[in-house]
Amino acid sequence: MPHKGNQGDKTMSFNMIITGIGGQGVVSAGTIIAEAALRDGLRIRNSDATGLAQRGGSVHSQIKIGENVKSTIVHPGTADVLLGFEPLEASRYAHLLKPDGIAIVNSKPVLPVTVKNGMMSYPLMDELKQIFDERSLKSIWVDALEACERLGNTRVLNSFMIGYMAAKAKLPIKIETLKETIMANVPKRTIELNLKAFDLGLQQGEEE
Amino acid sequence: MGNNAIARGAIEAGVRVVAGYPGTPSSEILSTIARDARKYGMHVEWSTNEKVAYEVAYGAALSGVRALMTTKHLGVNVLSDALLVSAYTGVNGGLVIVTADDIHPFSSQNAEDTRYYAKLAKIPCIEPSNVQEAKDMIIEAFELSEKLQLPVLFRVTDRICHAKSDVVQSEIKPSIAKASFIKEDSRYVMIAPNARKRVEWLNNQIDKAAALSENHPENRADYAEQATLGVIASGVPYEHTIEALDVLGLTDRVSVLKLTFTHPLPKQKIAEFLRNHSHVLVAEEIEPIIETEVSSIAHQIGLDTLVHGRLDGYVPREHELTPDRIGESIARILSIDDPLVKVPTYKAPEVIRRIPNLCAGCPHAASYYALKLARRKMGGGGAVTGDRGCYNQGTNPPLSAIDTCVCMGASISMASGLSHAGVEGPIVAVIGDSTFLHNGVQPLINAVHNKANITVMILDNGWTGMTGHQPNPNTGINVLGEPAPKVSIEKLVEACGVQHLQVVSPYNVDETTAAIVSAMQHEGPAVVVSRQVCPVQDHRIRRKKGEQIEFPTYTVNTDQCTGCLYCVNNIGCPALDVTDGKVSINPAHCIGCGVCAQICPTRAIKEIKQ
Ligand SMILES: Cc1ncc(C[n+]2csc(CCOP(=O)(O)OP(=O)(O)O)c2C)c(N)n1
């Protein structure tokens with residue numbers, strides 16, 4: 001069931017991190033979630049690390065929601081949700097999750113050029129899952145790319161992942177607000193497609 | 001975003017002239033202000049470099065209006081010549097330099113603490129600790145600048161610039177100041193006899209600033225009862241400290257002195273804080289500037305309070321601070337006297353590093369390929385001095401195309417040095433268009449005048465790409481999006497006295513290779529302008545205009561592909577995928593530059609004719 005939201009709770013605090021690589025929409029997903037929280041009357045902090053985003057580097061966005069938020073950095077062991085757009089980049093940040101936190105990860109890897117040409121090797125999927133398992137952390141893996149391909153556009157990966165997360169995790173934000181914020185943040189001509197991706201993610205998350 | 005908040009604050013303060021040069025993490029401050037330039041009658045410009053920008057803002061401030069200059073930390077090095085003398089003349093309208101220091105560094109050649117410049121120039125320094133404060137305090141920085149007639153250094157870092165938070169806005173107060181310049185030679189003409197008199201004035205002003213710092217409400221101590229440890233924290237580390245104490249459940253056991261007006265420091269407040277604790281931890285980014293002064297205050301008043309920080313190893317010597325790093329330091333200090341305090345450790349998983357690359361179809365990758373061929377044709381040897389811009393990603397494997405990357409413009413002068421020293425083989429400098437206009441022209445004039453035997457490749461993609469595609473004098477538009485005269489790089493190069501100049505498109509591999517070979521063969525400085533607009537930016541602009549982006553589609557004939565990976569290894573294009581040892585082209589990434597098709601040894605890559 002979609003969560004009702006936590007509005008008005010003064011002690012509520014919710015931390016999350018979104019990880020992925022440049023071009024996957026990590027930063028805009030962070031903006032959407034932070035802005036949606038604002039629209040629901042919550043206080044936020046959000047900080048991005050985009051170093052070389054455009055050039056296939058690691059990117060992450062940290063979002064903190066709550067009345068008493070201070071530092072923009074998520075303290076290790078305090079994240080409620082890790083939303084991973086890419087398996088390697090998700091596992092890199094496993095230590096941020098709190099014991100009862102949850103990782104929601106797109107299982108399709110994006111290979112760096114140095115892996116394609118055999119210079120480096122990409123970890124096996126089981127090794128990446130193991131990183132969560134050995135810390136007794138819950139992780140859910142979903143082939144989000146395949147789902148977006150069904151919609152005919154892989155550029156809506158982030159909306160799908162937000163929808164999927166909304167079904168799987170207890171967010172302090174209303175579903176309707178998330179949708180409104182997506183509408184306000186994506187280019188006009190892609191609004192419909194992004195909402196479809198969000199709904200598909202939500203539906204798939206509730207069914208799986 | 002913090003940068004938007006700083007922009008908003010400057011507009012609220014009625015700033016009239018704004019100048020800067022792009023640099024991460026500062027760039028969005030100026031581009032945000034530019035959006036409102038017409039509405040509030042502000043002049044906003046991307047200048048050719050930071051020194052120019054600072055002098056523009058400084059000139060404006062002499063006339064009595066408020067002026068703002070924005071830069072990343074490296075730009076403060078560039079503008080420092082002007083800064084140190086401008087402190088002698090002082091200003092009339094408020095003049096604020098926002099310096100966004102990449103302290104880690106996340107995306108710069110070095111990590112630097114520009115607060116040293118505030119001490120060096122004897123000007124006030126303000127360090128906000130969060131986004132709201134950044135917006136509020138920049139207004140105060142203008143007032144402070146006017147009160148003291150000094151430029152003010154407003155120092156922020158990544159975690160403010162690129163952080164987002166809820167922010168309460170204030171009213172915009174349109175500026176009513178009327179610009180006028182009143183001649184005052186003893187103040188503005190800094191010949192030595194005049195300058196000698198201004199030394200005393202400047203020292204007086206910075207003493208006045210010290211009194212203001214002492215009473216500043218954001219230089220404030222929160223004492224915890226019976227605390228043995230106090231943390232002195234400035235800027236973002238203040239918020240990290242509060243968070244760390246909260247996570248560790250130590251809020252009641254540790255006092256905190258928050259410092260925001262950090263040059264000059266409030267010495268009395270610090271002394272009192274020292275007197276009340278047996279241990280003091282200093283959390284600052286990134287050099288032990290406050291820590292050193294705190295130690296010296298403790299020494300001066302004869303206290304045996306122990307001062308901990310970056311110098312005695314209680315805080316890691318390098319890099320940005322985070323709540324967990326500060327928390328660990330706090331716990332370590334408390335555990336000296338209280339064995340019940342546990343020192344937490346957090347271990348990040350160890351996984352392979354993701355090496356960034358140039359974008360699919362990046363013209364820089366094509367230029368590098370041609371350069372590699374040309375060097376081989378010339379018998380190898382020599383060196384490639386690189387410069388700052390997207391093209392320094394060319395250092396990463398598989399390209400490994402450049403041998404140096406130091407600072408803006410250094411490629412050309414360093415190449416000259418290598419050539420004059422007698423290094424054998426072709427010496428090539430590689431520099432982007434924005435970097436060439438920033439600080440590359442003088443090195444080229446110098447190379448011509450002193451007969452350096454070098455090849456200079458100007459990688460002209462029409463934009464200041466690396467920092468987020470800002471326009472520069474070679475783009476044809478200005479920061480407001482208005483058409484602006486376009487500098488002619490060819491005429492500029494010719495006017496420098498270069499005898500051998502060629503302009504090529506890097507997407508034409510043979511032509512570019514031949515041009516580089518011919519430049520290498522030329523005795524004396526030769527220039528190759530490798531010109532191709534940045535496709536990422538070009539497509540973005542055209543898509544915004546509603547244009548359909550069309551380009552040729554390429555495919556790999558799997559029967560012909562031998563899986564030699566020559567294409568992947570020599571252009572490193574992210575649109576090239578490898579499955580079961582054979583190459584394929586990912587249509588979602590390919591932009592149809594056709595370079596892979598030109599270089600495939602078995603001609604397995606073909607254009608699909610529609
Ligand atoms: C003194 C200084 N100012 C600013 C920067 C930030 N910076 C890095 S590269 C660059 C410009 C890149 O533009 P260009 O040379 O045109 O190359 P492109 O990235 O477009 O390939 C800038 C502004 C810096 N490193 N040093």
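**Ground rules.** The model is predicted, so local features need pLDDT of at least 70 and side-chain atom pairs count only at pLDDT 80 or more, while totals for chains, interfaces and linings use all residues.

**Confidence.** I checked pLDDT, the predictor's confidence in each residue from 0 to 100. Chain B has a mean of 97, and 100% of its residues reach 70 or more. The model scores ipTM 0.93 and pTM 0.96.

**Backbone.** Most residues other than glycine have a negative phi, and most peptide bonds are trans. The bond from B:His104 to B:Pro105 is cis, omega near -10°. B:Pro105 sits in the loop between strand S4 (95-101) and helix H5 (115-121); helices (H or I, at least four residues) and strands (E, at least two) are DSSP runs numbered from the N terminus. The bond from B:Pro397 to B:Pro398 is also cis, with omega near 5°. B:Pro398 is in the loop between strand S14 (383-385) and helix H15 (410-421). I found B:Ser400 in the loop between S14 and H15 as well. B:Ser400 has a positive phi of about 40°. B:Lys451 has a positive phi too, about 55°. I place B:Lys451 between helix H17 (441-449) and strand S16 (455-460). B:Lys451 counts as exposed at 69% relative accessibility (buried is under 20%, exposed over 50%, partly exposed in between; 1.4 Å probe, protein chains only).

**Salt bridges.** I used a side-chain nitrogen of Lys or Arg within 4 Å of a carboxyl oxygen of Asp or Glu. B:Arg155 meets B:Asp101 at 2.9 Å, N to O. B:Arg155 is in strand S6 (152-157) and B:Asp101 in strand S4, so the pair ties together parts 54 residues apart in sequence. Both residues, B:Arg155 and B:Asp101, are buried. B:Glu127 bridges to B:Arg115, closest N and O atoms 3.1 Å apart. B:Glu127 and B:Arg115 are both buried. I then took B:Arg531 and B:Asp460, with closest N and O atoms 2.7 Å apart. B:Arg531 lies in strand S18 (526-531) and B:Asp460 in S16, so this pair ties together parts 71 residues apart in sequence. B:Arg531 is partly exposed at 30%, whereas B:Asp460 is buried at 4%. Shared partners join B:Asp101, B:Asp113, B:Arg115, B:Glu127, B:Arg155 and B:Glu284 into one network.

How values were computed. Residues numbered from 1 in each chain as written. Chains lettered and ligands numbered in written order. Heavy atoms only, no water.
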